[in-house]
Structure formats: C-alpha cells, structure tokens
Amino acid sequence: MIGRITGTLLETQPPWLVVDVNGVGYEMEASMTTLVALPGAGERVSLYTHLTVRDDAHLLYAFAREQERALFRALIKVNGIGPKLALAILSGMDEDAFIRCVMEDDVKALTRLPGVGKKTAERLVIEMRDRFPHWQHPDSLPLEGSAQPSTPASGKTALADAEAALVSLGYKPTEASRMLSGLEDEASTEAMIKAALARRMAG
C-alpha cells in the first residue's frame, strides 16, 4: 500500500496531477479541494494517498490532508459510493462542511453535489452519522511548500480545462458551462473550478 508520496509537483490537469519522486512520475487523481491547495509546478509537495487495485488498473488518489483521505475511505465504504463519486463529494465541500451536512440532516445541500440524488444523500446521512466522533475538531496538515496560484493559462484554455474537470466530476456539460459562466477572468483553471463549485453549492 502506498500511503504517502513526497516529491516535486510536475503538472496539474484537473482532476489529475503528477508528482516526480526520484525520477518516477506518479499520476494521481485528487479532489478540487486538494488541487487548489497545491503550490506551483516545480515545488515540493507531500500528499497522503490511497491506492485502489482493479482488474484493469491501479489507481492512486491524492489528498492534501490526512482527514480528507479518512473521509474518502469512509465514503467508499457506503453502498453505492465509489471513488469517483467520493472525489466529487470532496470537491464540492470540505470535510467540515460535509460533517455539518450529515449532523444536521441537510439532505438538500448534499443533493447539490453531482451524482448525489435524494436517496443517496439520505443514505449518506444515515451511514456516516456515527463515523465522526474524532473529527469534530480537525487538525488540517498543510502541504509542504507554500501554496501559490497556478500559472494562469489563456482564458479559453483555462475555461475549457475547467469545464472538462467539472464534467469528469459528474456534472453534465451544459451544467458545467452554466456554472462557469462569467468566471473567465479567474486567475487559473483551479480558481475557476473552485468558484464554480462554490456557486453551485450556494444554490
């Protein structure tokens, strides 16, 4: 099991990132919460990881904080929640917001996440409620290196990349386009995605 990777961030292409560790590039998938916390390319990072082994692939997922990984692992144990949907949930809200939704039975907020219908939201509330006793006061661990905004891409390229990333999370192309409307001036792809998700969760 690969539990943590420390190396040089080579590139990000949401929801993917590549970290070089002694000449070996590890390709990992991450939530938007983790991606927006990353420093710029060429900086050193240390990420918590989770390895999923399938018949056709070995998939590595990266997390900025140990608690985010813990929540990811708890989510994929819920019936009907796979790694892709778990990352979508973590992209739409951080750990504290998710815990708050579960504790307050806020099914409506959960249904704003891509791929989460009313029945799935209700299942999350029921199955996750008893799993948070040690998570009430999270101790977030920062990434190595100072987080700097990613180098801005050209407006059209960044917008296209942001839309593709939202679609990969489960949003329909028309919905992703609507979420990004008017955000072309954001500094980077990650900034656009973060703003679009915040807009979506605000209703």
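Are Phe63 and Phe72 buried or exposed? Both of them are buried, and Phe72 turns up again in several of the points below. Please keep in mind while reading that this is a predicted model.

1. Overall make-up. The chain contains 9 helices and 5 strands. Reading from the N terminus, the order is β-β-β-α-β-β-α-α-α-α-α-α-α-α. Of the 203 residues in the chain, 45% are buried. The accessible surface is about 10200 Å², and carbon and sulfur atoms supply 49% of that surface.

2. Contacts along the sequence. If you take the contacts in the chain with a separation of 6 or more, 58% of them join residues 24 or more positions apart. Ala164 belongs to helix α7, which covers residues 155-168. With a relative accessible area of 47%, Ala164 counts as partly exposed, since the exposed class begins over 50%.

3. Tyr61 sits in strand β5 (residues 58-63) and Phe72 in helix α2 (residues 66-75), so the pair ties together parts that are 11 residues apart in sequence. Tyr61 and Phe72 are both buried. The pair of Phe63 with Phe72 is also tilted, at 5.0 Å centre to centre and 50° between the planes. Together, the ring pairs link Tyr61, Phe63 and Phe72 into a cluster.

4. Why can α2 be called largely enclosed by the rest of the structure? The reason is that 7 of its 10 residues are buried. The buried residues of α2 are Gln67, Glu68, Arg69, Leu71, Phe72, Ala74 and Leu75, a list that includes charged side chains such as Glu68 and Arg69. They pack against α1 (32-35), β4 (44-53), β5, α3 (83-92), α4 (95-103) and α6 (118-128).

5. Helix α2 with helix α4. The axes of α2 and α4 come within 10 Å of each other and cross at roughly 45°, which makes α2 oblique to α4. On the α2 side, the contact is made by Gln67, Glu68, Leu71 and Leu75; on the α4 side, by Glu95, Asp96, Phe98 and Ile99. Sorted by class, the residues of this contact are 4 nonpolar, 1 polar and 3 charged. As a reminder, an α-helix has 3.6 residues a turn, so residues three or four places apart point the same way.

6. Helix α8 with helix α9. At what angle do α8 and α9 pack? For helix α8 (residues 173-180) and helix α9 (residues 189-201) the angle is about 100°, with the axes 8 Å apart. The two helices are therefore roughly perpendicular to each other. From α8, the contact uses Glu175, Arg178, Met179 and Leu180; from α9, it uses Met192, Ala196, Leu197, Arg199 and Arg200. In terms of class, the contact of α8 with α9 has 5 nonpolar, no polar and 4 charged residues.

Terms used. Residues numbered from 1 in each chain as written. Predicted model: local features only at pLDDT ≥ 70, side-chain atom pairs only at ≥ 80, totals over all residues. Heavy atoms only, no water. Axes fitted to C-alpha atoms, helices over the stretch in contact; angles between N-to-C directions. Helix = DSSP H or I, 4+ residues; strand = E, 2+ residues; numbered from the N terminus. Parallel < 35°, antiparallel > 145°, perpendicular 65-115°, else oblique. Contact = heavy atoms within 4.5 Å. Buried < 20%, exposed > 50% of the residue type's maximum accessible area, 1.4 Å probe, protein only. Areas by Shrake-Rupley, 256 points an atom, 1.4 Å probe, with all protein chains shown as cover. Phe/Tyr/Trp six-rings, centres within 6.5 Å; stacked < 30°, edge-to-face > 60°.
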